[in-house]
Amino acid sequence: MTIINRNRGLTEQAAETAVDSACRMLRLPTVRAKFPELAEAAVRDQMTYRGFLAELLMAECDDRNRRRSERRIKAAAFPRQKTLREFDFEANPGIDPATIHTLASSEWVKKGEPLCLIGDSGTGKSHLLIALGTEAAMAGYRVKYTLATKLVNELVEAADDKQLNKTITRYGRVDLLCIDELGYMELDRRGAELLFQVLTEREEKNSLAIASNEAFSGWAKTFTDPRLCAAIVDRLTFGGTIIETGTDSYRLAQTRARAEHAAS
């Protein structure tokens, strides 16, 4: 074993060059970027060596966590950015903020429980679906968002191409599958059966969250086979949380308010 004796009398410039080179080799981009700034702060605040090292390493860890969250959110393929901070609970008093903030902890995702958001258009269900999915991605879970019709079309194409098992396994692998706009369109028996296979693959293993504009009593219009409809409702509700977002569109109310304000 060869031991290399390093010169401990490096100049400041040589030390910075050595740090830069080591950070590139060790793939520590945040340490490399923040080292000069944190080194100056350490001198100014008379930090200990241990304190200075801790600041550097925590900065690297925080930045890596941020980048991982960004990658997971991007992989989820949300159609737009929505956060719980942006959600207007006052405009929709039927939704309990405490329940939503409890869901934001993503403990239900950890347990593999389902979530159903039921309400008319403009009542915030898609906003909550995306926002809670984003919270789960930030918490470290693998999340995938899709429209119900898009998912069914993909499953039909996969079945025709003899790739159905592979596709179902891919959707079964994510920790949280968010299906939006379930109930907007009638599904034929084949499409409904393929969707049921995805739900069965995930049952009591990984979480599923759906947003629908139809109450469960109206799902017979989407899933025309009564037995299949009952089985799908059972898969989506057993041990899960059901949130009714109501019938009054707060988006429409906001539009009217802006129009009245502009006219006054």
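This is a predicted model: local features need pLDDT of at least 70, side-chain atom pairs count only at pLDDT 80 or more; totals for chains, interfaces and linings use all residues.
Two packed helices are described by the angle between their axes and the distance between the axes.

| Helix pair | Angle between axes | Distance between axes |
|---|---|---|
| H1 and H2 | about 160 degrees | 8 Å |
| H8 and H9 | roughly 45 degrees | within 9 Å |
| H9 and H10 | roughly 25 degrees | within 10 Å |

For helix H9 (residues 189–202) and helix H10 (226–237), the axes cross at roughly 25 degrees. Angles under 35 degrees count as roughly parallel, and H9 is therefore roughly parallel to H10. On the H9 side the contact involves Arg 189, Ala 192, Glu 193, Phe 196, Leu 199 and Thr 200, which meet Leu 228, Ala 231, Ile 232, Arg 235 and Leu 236 in H10. Sorted by class, the residues of this contact are seven nonpolar, one polar and three charged.

H9 also packs with helix H8 (residues 164–173), the two axes coming within 9 Å and crossing at roughly 45 degrees, so H8 and H9 are oblique to each other. The contact of H8 with H9 is made up of five nonpolar, two polar and three charged residues.

The remaining pair of the table consists of helix H1 (residues 12–26) and helix H2 (residues 29–44), which pack at an angle of about 160 degrees with their axes 8 Å apart. Because of that angle, H1 is roughly antiparallel to H2, and H1 passes H2 in a right-handed crossing. Glu 16, Val 19, Asp 20, Cys 23 and Arg 24 in H1 are in contact with Val 31, Arg 32 and Phe 35 in H2. By class, this contact holds four nonpolar and four charged residues, with no polar ones.

In soluble globular proteins, nonpolar side chains tend to be buried together. The largest nonpolar core of this model has 30 residues, of which Ile 179, Ile 210, Trp 219, Phe 223 and Leu 236 touch the most other members. At least two residues of this core come from each of strand S1 (115–119), helix H7 (148–160), H8, strand S3 (176–182), H9, strand S4 (207–212) and H10. Among these elements, H9 gives the most to the core, with six residues.

When neighbours within four places in sequence are left aside, Ile 210 is in contact with Leu 115, Cys 116, Leu 117, Ile 118, Leu 129, Ile 179, Leu 182, Trp 219 and Leu 236. Another core, of 28 residues, lies apart from the largest one, and its members include Val 109, Leu 117, Leu 128 and Tyr 141.

**Single residues along the chain**

Arg 27 is found in the loop between H1 and H2, and although Arg 27 is not a glycine, its phi is positive, at about 60 degrees. With 68% relative accessibility, Arg 27 counts as exposed. A positive phi, near 65 degrees, also belongs to Ala 77, again a residue other than glycine. Ala 77 lies in the loop between helix H3 (49–76) and H4 and, at 36% relative accessibility, counts as partly exposed.

Two further residues can be described through their distances to other parts of the chain. Thr 99 has its place in helix H4 (residues 97–103) and counts as partly exposed, at 28% relative accessibility. The C-alpha atoms of Thr 99 and Ile 243 are separated by 9.0 Å, while along the chain these residues are 144 residues apart. Tyr 49, found in helix H3, is exposed, with a relative accessible area of 79%.

Terms used:
Residues are numbered from 1 along each chain as its sequence is written. Side-chain values use heavy atoms; hydrogens and water are left out. Axes are lines fitted to C-alpha atoms, for helices over the stretch in contact, and angles run from 0 to 180 degrees between N-to-C directions. Helices (H or I, at least four residues) and strands (E, at least two) are DSSP runs, numbered from the N terminus. Angles under 35 degrees count as roughly parallel, over 145 as roughly antiparallel, 65 to 115 as roughly perpendicular and the rest as oblique. Ala, Val, Leu, Ile, Met, Phe, Trp, Tyr, Cys and Pro count as nonpolar, Asp, Glu, Lys and Arg as charged, and the others, Gly among them, as polar. A nonpolar core is a set of buried Ala, Val, Leu, Ile, Met, Phe, Trp, Tyr and Cys residues joined through side-chain atoms within 4.5 Å. Buried means under 20% relative accessible area, exposed over 50%, partly exposed in between (1.4 Å probe, protein chains only). Contact means heavy atoms within 4.5 Å. A crossing is left-handed if the near helix is turned anticlockwise from the far one by less than a right angle, and right-handed if clockwise.
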